[in-house]
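Colleague: I have a few questions about how the terms are applied here. Please set each value against its definition.

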Amino acid sequence: MSKKELSERDICTKYITPAIKQAGWDIDLQVREEKSFTAGRIYVKGKLHVRGKQKRADYILYYKSNIPIAIIEAKDNNHSVKAGIQQALEYAKTLDIPFVYSSNGDAFYEHDKSLVNGALEREISLEEFPSPEELWRRYKILKGIAHLEVEKVVAQDYYEAVGREIRYYQAIAINRTIESIAKGNDRVLLVMATGTGKTYTAFQIAWRLWKAGKKKRILFLADRNALIGQAKRGDFKYFGDKMTMVRNHKVDKSYEVYLALYQGLTGNEEDRNIYKQFSPDFFDLVIVDECHRGSAADDAAWREILEYFTSATQIGLTATPKETKDISNIDYFGEPVYTYSLKQGIEDGFLAPYKVVRIGLDKDLEGYRPEKGKKDTEGNLVEDRLYNTRDFDRTLVIEERTRLVAKKVTEYLKLTNRFDKTIIFCVDIDHADRMRQCLANENADLVKENHKYIMKITGDDDEGKRELDNFIDPEQKYPVIATTSKLMTTGVDAQTCKLIVLDANIQSMTEFKQIIGRGTRINEEYGKYYFTIMDFRNATNLFADKDFDGEPVKIYEPKAGDILQVVEADEEGDYIEIDGERVKVKTLGQEQIIESGENGQRLRKVFVRGVEVKVLNERVQYYGVDGKLISETLKDYSKKHLQKEFRSLNEFINKWNQAQKKQEIHAELLEHGIFLDELQESVNKDLDTFDLICHVAFDMPPLTRKERANNVKKRNYFTKYGEQARKVLEALLEKYADKGIENIESARVLELEPLSQMGTPAEIVKWFGGPTHFRKALKELEDELYKTA
């Protein structure tokens, strides 16, 4: 067999792998062939989902298990030696790999960012492929690793956790952070979307610096008990007896790794500044989890701790870096060494995509003006003005509105699964309490069985807070529905949350991203692949904001003498301004309760009932292939994208006729974000894929599946077959009329009724004269179905 006749795999086996081995690479330890590095994007199809293709490199070469150093893209020998270089460069950019190769088995085409040989790209023979030590030498030149001490830290191994592979983006985040610190940088910012494993990434960074002897005492700092507990039980557990949690303001200096709430270190008014029991140079590494967060009052506490341990290297972790004209993560920590966004996580298949159900209530969209003489539930006259969503549940409560929201949520769960974990974000604690009551009444049958079916989980409710761990534990059935205001916006690893309900006014992009992050985790074991956002207050308009998933933009301009603020300050001081009125707030945990106006008069909520509230519109939006919500109708969106795929009707028909299986076209369109199943439901569910595309994309009058099947029958096409074969074809035609062309292409169709009652698959195929003749008969049947096209 000549070289030109060999497949790509044969070229790898006979030429590329031997060349790599001959250069000194350990094939078992340093070389990964056909290495998938993404999970495959999840596409939502109604209530179902399907995974797209994984991105896969032909070869990834590792200097050590934690340092991917080269990538090779292979082609068969009918391609040129450099035919794979562009694809390899694209993969290398994603994987942060500096040395890139393409080969067709004749030679290698090299792309070398170190430029040590004076050229970025060149062709080298199979025998000239560089050794591991040669590429490591070039790597050190490229990265500026000039000293043995720096090299020792950079090359330190990961902790090898059994059954847990480090994902490519985590490896980049870890390696860039380690390299930055090893070279003397003492402030590092990492931006990683919620659900991408920030805490595990932090652990691996801490482990490698600790094992390399670069950092000896480590402080992991967070502002939620849930975050500290999750870290101790989960990602940081491998530190074992070297680690402790700082509790009850007690300090034991015999440990090497400390997990602490910053509140636990700063103390309260009576018992402040516990952290000062440590000397300022006690810690040489401080990791700040969710470094965007905190209120203005708490903000000083973060800053105090970080400034006290100023000699320590400090790493900030966040999904949502805070950048305003007053507050900046970037000014404190510097530009992020790496950013892994929500959009990228969804595209890679590591994060769950979402669909949005927007429900517009008449009083929300049109406003509510009380009729003359309208009294509240206490018998007081209601102020005559137009109320809108900024008022509802903050200063004016329409009881019927709360009941309608609870009813719509319940209706949705009844259509999907009443035991899908659900978080409902409310305006405040009182709203969360009333929402819990309305939901309990709507779901009385399940609440009667277990009162924990619905729980209010807020900062003021000890019983609710005790149930938080059960809510986020996939193995615990209850609670199912949690009503909250602020407590669950962050730091809650709700892996199986499938429904997020927004009935709060959310203007902060930071808060919005954090709330959406409650649903983005995937848990395949429990069937969690995507989630739904039910929006009653148009909060999802923030999806359209250019800042929703972009790189953090530094807009903070510090003035002389400014003290840099590390975390988000939602409100400035004791007073905040709402709709032009300054009001005093009281903070209870993470909840803020409006106490009084500036003149000392307590703000009173007005409760009204007897107001009719109706749903004006409902709209479902899907997450598009471009990472944005589809804003036009599904039909218009599909038409636009189908016309990009097929420039003319003839081009589509030719592709249809050439496809060995029509399911291939269906799958390819899904990969490109065209949802044919949903489109079929909205246009006409009796059309098959062919007519659906012709009608939507090219305005052709469609035929239903039944009409196409009847046209075949009228042409007496079956007369050339024997009686038994004719019955089989007639049954297949009925299958087509019922379910579509993809159904009769299935290899299992002969095992389904009524065909299974006619004989075994082997017997049926034999009636046509064997497998080849049966496949030919199927192809002819397809040709007959689309003859008029």
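Colleague: Which residue in E20 does Ile424 stand opposite?

Modeller: Ile424 stands opposite Thr483 in E20. Keep in mind that this is a predicted model, where local features need pLDDT of at least 70, side-chain atom pairs count only at pLDDT 80 or more, and totals for chains, interfaces and linings use all residues. Residues are numbered from 1 along each chain as its sequence is written, and side-chain values use heavy atoms, with hydrogens and water left out.

Colleague: What makes E18 and E20 a pair?

Modeller: Two strands pair if DSSP finds at least two bridges between them. E18 and strand E20 (residues 481-484) have four bridges and run parallel. Therefore they meet the definition of a pair. Strands themselves (E, at least two residues) and helices (H or I, at least four) are DSSP runs, numbered from the N terminus.

Colleague: How many bridges join E18 to E21?

Modeller: Five bridges join E18 to strand E21 (residues 497-502), and the two run parallel.

Colleague: Why is E18 called largely enclosed?

Modeller: Buried means under 20% relative accessible area, exposed over 50%, and partly exposed in between, using a 1.4 Å probe and protein chains only. Five of the five residues of strand E18 (residues 421-425) are buried, so the rest of the structure largely encloses this strand.

Colleague: How do you know that both faces of E18 are covered?

Modeller: In a regular strand, side chains alternate between the two faces of the sheet. On one side of E18, Lys421, Ile423 and Phe425 are buried. On the other, Thr422 and Ile424 are buried too.

Colleague: What is the strand order in the open sheet of seven strands?

Modeller: The order is E11-E12-E10-E13-E14-E9-E15, with parallel pairing.

Colleague: What makes E11 and E15 edge strands?

Modeller: Strand E11 (243-245) and strand E15 (336-340) each pair on one side only.

Colleague: How do you know that E10 and E13 pair?

Modeller: Four bridges join strand E10 (residues 218-222) to strand E13 (residues 285-288), and these strands run parallel. In E13, Leu285 is the bridge partner of Ile218.

Colleague: What share of the protein chain counts as buried?

Modeller: Of its 789 residues, 54% count as buried. The chain holds 29 helices and 27 strands.
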